[in-house]
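Please open the structure in the viewer and follow the selections below in order. Each stop names what to select and then describes what is found there.

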Amino acid sequence: MRMSKIVRTGANLLYPFILIFGLYVIMHGHLTPGGGFQGGAVVATAAALVIVAYSYDEVTGMLKKTAMKARESIGLLLFIGAGIAALAVGAPFFYNFLANSGLLFGMSVPAGPNPGDLNTAGVIPIMNIAVGIEVWGGLAVILLYMLSGIRKEES
Amino acid sequence: MFWNLPLIAVVVLTIIALAIIVFKKNLIKVFLGIVILESAVNLFLISLGYREGGIAPIYTNAPSTAMVLPTPQALTLTSIVIGVATSALLLSFAIIIWKKYGTIDIDRIRRLKE
Amino acid sequence: MIPSFIVENSPALMVIVPLVAAFITPFIGRISSGIRSLWVGGAMAVTSAITLILAFDVYSAGTRLYVFGARAASAAIPPDSGGIPIRIIFEVDPMSALMLVITAVSGFAIVLYSLSSERSHTGLESYYTLYLLMITGILGMVSTGDIFNFFVFLEILSLASAGLIAYRIDGGVAVEAALKYFVLSTIGALAILVAIGIYYGEYNALNMAMIAARMQFSLLDQVALVLIIAALAMKCGAVPMHFWTPDAYSMAPSSITALLVVASQASLYGLFRTVFSLYNVTLNAVTVGWLIIILGVLSMVVGVTMAIPQKNVKRLMAYHAVSQTGYMLLGVGVGLAVLGNQSLLDAFGYMAMEGGIFHIINHAMYKGLLFLTAGAIFLRIGTYNLNRMGGLGHSMKWTMVFFVIGALAIAGIPPFNGFASKLMIYESVFVFNPLLAVIAMVVSILTLASFVKVFHSIFMGPKLPEFADVKEAPMPMLLGMGILALVVVLFGLFPGIVVESLITPAAHALVDQGAYISAVLGGA
């Protein structure tokens with residue numbers, strides 16, 4: 001089933017903005033309310049919008065189940081990888097080894113009220129990005145599977 | 001006693017949810033009861049973290065270091081994430097049951113007993 | 001010999017390895033199914049090895065702390081936190097180590113078994129992913145020292161188990177069983193979450209040792225205790241809340257049923273951990289002890305009486321699992337009922353608890369073995385119905401031997417391990433209350449009667465014409481069953497050594513709340 005042209009055009013227009021807002025929530029997770037899961041859920045609503053607006057065959061052309069599954073696994077592996085990397089520096093799992101180290105993500109946080117810098121929280125942004133990718137893939141896969149479950153009823 | 005309002009809401013939601021889970025015959029409605037129960041528990045957790053005059057635990061926005069402990073928020077978020085997975089799994093079970101049995105009335109989903 | 005890196009980080013590694021392996025499995029499966037089998041078997045072997053290394057270390061060197069995210073693994077209390085352990089902590093004491101041993105041995109045996117029992121099915125990458133997630137959940141549940149973390153691992157376990165129970169859709173019937181299990185366990189998990197919220201609101205802590213140190217046993221704590229006991233007793237299949245057990249156990253693939261037994265015991269562990277480590281002497285030991293004893297006796301009696309008329313061999317075994325859970329509750333409940341009274345505890349309390357805890361490990365081994373034999377029979381003849389079986393002893397000799405070992409162990413016949421633990425329960429419970437011991441013995445006799453019937457209808461009699469070309473189960477399955485059977489026999493032959501080295505430290509670790517607290521909070 002596909003919606004009217006107005007809905008499809010509206011979905012096309014909104015799609016990039018939803019993605020960008022979701023990515024913003026993911027990237028700023030350590031500075032503002034939000035984070036990987038919330039941002040990932042926002043990004044996944046873009047997939048939901050496409051699923052609602054277009055017919056099944058068009059959706060499967062746009063969103064690939066395998067790509068979404070890969071995203072889910074890669075996100076999780078990146079997350080655990082960030083945790084395991086702490087073992088390499090001789091600290092326990094999940095130790096924030098990047099914080100205050102002066103590298104790309106390792107700047108220390110300036111004191112007092114300030115707009116906040118993206119690169120100040122050590123491994124936390126990396127983990128947020130990983131979780132964002134994973135939730136994006138995971139929720140989209142759930143939606144796609146449910147769609148393919150329902151499709152058989154219609155035809 | 002104004003500060004008790006969230007807890008009263010928790011109790012009301014819990015009773016509604018349990019009533020739905022026990023009395024409704026439609027599988028989807030039972031799942032909605034579970035989701036409402038989850039919301040009640042989440043509301044309970046989040047209301048534990050409320051402190052009057054507390055400041056959101058966002059380091060760069062807070063005027064001083066006196067901030068609310070973010071643990072209840074973290075718990076609620078984790079519980080929401082688990083809730084998403086739970087509802088997804090429950091709904092996919094409902095899809096399969098609908099396909100195989102042709103009904104989602106819990107009185108008629110009784111093939112195990114035969 | 002073993003690198004110190006692995007020993008030091010073993011509590012984290014034993015959860016990381018199955019978790020990472022679980023999510024790489026779908027990629028590996030795309031290359032070829034043979035490599036995937038190798039990968040899953042290897043991952044599980046590594047997990048089991050790490051787990052056993054950790055357990056050995058705990059038994060020889062005492063309780064291990066592992067603080068996630070801290071600079072050092074033992075720094076439970078950050079210097080600027082005001083004395084509250086804020087981080088997620090794994091606290092592995094001998095009781096946890098015992099559960100780790102159970103999971104490592106069963107998990108490895110069952111994965112060997114699955115490699116050939118599930119070979120002909122589709123969707124195997126999800127099967128193995130969920131299998132490894134179940135292992136992750138169990139290992140996390142039994143080793144965590146943070147009560148919210150316990151809830152998270154419990155949910156990982158429930159989600160993965162529900163997916164696996166429904167794995168063979170089987171005309172929707174398996175999904176129905178999974179649905180029943182999952183609705184109940186979700187509601188149970190939410191009850192636990194409310195209890196966690198109560199603890200947090202009252203004591204401002206989520207760390208179990210910290211909550212235990214501040215425990216007041218106020219009215220709210222009693223509410224929380226009731227919620228946790230109800231939820232976890234439901235998850236381990238104790239009798240008023242047992243009705244999901246036969247459905248879920250009989251509908252899941254046999255390999256998963258064997259792992260579900262271990263999972264139910266992880267819930268049992270959670271129950272004991274809550275009662276002993278969180279509350280200990282602050283609670284009214286006699287009331288709660290008798291509550292658990294009554295749950296246990298009900299489970300024993302109802303389980304075995306429901307088991308006798310069953311026609312489906314897996315349903316029958318599932319009801320026996322309920323019945324055997326009753327023994328563990330009985331043994332540990334007697335220990336709890338005399339908690340706080342040192343002379344009674346020394347006289348028979350410790351022994352009852354050791355019997356109950358010994359029964360946990362024994363039950364996981366022989367019940368897992370029995371479910372695996374049921375799966376092997378199903379693989380060859382395609383039915384669980386006892387009335388349609390017969391004469392299989394001629395063609396499936398090894399399966400028969402393993403079944404006999406499991407059946408005699410569950411009935412408590414020497415020289416198998418079930419006898420050793422049941423004898424400890426009988427002796428100590430008899431001193432506490434003779435009637436309970438008599439009930440336990442009667443239940444044991446009924447169990448024997450039931451399994452004699454099952455044995456007779458499956459294996460005895462002339463060779464049936466429809467099963468003329470039935471072959472022995474394939475080698476990896478026999479190997480998996482063999483590992484469990486070997487443990488059953490060894491534990492039965494040398495119960496003294498096992499009790500002394502594994503069980504007694506576990507029982508003392510449960511009772512000794514002070515040690516549990518001071519391991520985290522320092523010498524309090």
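Begin in chain C of this predicted model by selecting helix α3 (residues 94-117) and helix α18 (residues 495-511). Their axes lie 7 Å apart and the two helices pack at an angle of about 135 degrees. An angle over 145 degrees would count as roughly antiparallel; α3(C) and α18(C) are therefore oblique to each other. To see the contact itself, display the side chains of P94(C), M95(C) and L98(C) on α3(C), and of L502(C), P505(C), A506(C), A509(C) and L510(C) on α18(C). By class, this contact has eight nonpolar residues, with no polar and no charged ones.

Next, select helix α4 (residues 124-143) and helix α5 (residues 147-165), again in chain C. Here the axes come within 8 Å and cross at roughly 150 degrees, and α4(C) and α5(C) are therefore roughly antiparallel to each other. The crossing of this pair is left-handed. On the α4(C) side, the contact is made by L130(C), Y131(C), L133(C), M134(C), T136(C), G137(C), I138(C), G140(C) and M141(C). Colouring the contact of α4(C) with α5(C) by class shows 13 nonpolar and five polar residues, and no charged residues.

Now bring chain B into view beside chain C. Which numbers of residues does the contact take from chain C and from chain B? Chain C gives 27 residues and chain B gives 24 residues. On the side of chain C that touches chain B, α5 and α6 (173-203) each supply at least two residues. Select α6(C) in particular: this helix gives the most to that side, with 16 residues. By class, the side of chain C that touches chain B divides into 18 nonpolar, six polar and three charged residues.

Finally, zoom out to the whole of chain C, which has 19 helices and two strands. The radius of gyration of chain C is 22 Å, close to the 24 Å that the globule rule gives for 524 residues, so the chain is as compact as a globular protein of that length. Along its principal axes, the C-alpha trace of chain C spans about 75 × 60 × 45 Å. Of the contacts in chain C with a separation of 6 or more, 81% are accounted for by residues 24 or more positions apart.

Key. Residues numbered from 1 in each chain as written. Chains lettered and ligands numbered in written order. Predicted model: local features only at pLDDT ≥ 70, side-chain atom pairs only at ≥ 80, totals over all residues. Axes fitted to C-alpha atoms, helices over the stretch in contact; angles between N-to-C directions. Helix = DSSP H or I, 4+ residues; strand = E, 2+ residues; numbered from the N terminus. Parallel < 35°, antiparallel > 145°, perpendicular 65-115°, else oblique. Left-handed = near helix turned anticlockwise from the far one by under 90°. Contact = placed C-beta atoms within 7 Å. Nonpolar A, V, L, I, M, F, W, Y, C, P; charged D, E, K, R; others polar. Rg over C-alpha atoms; globule rule 2.2 N^0.38 Å.
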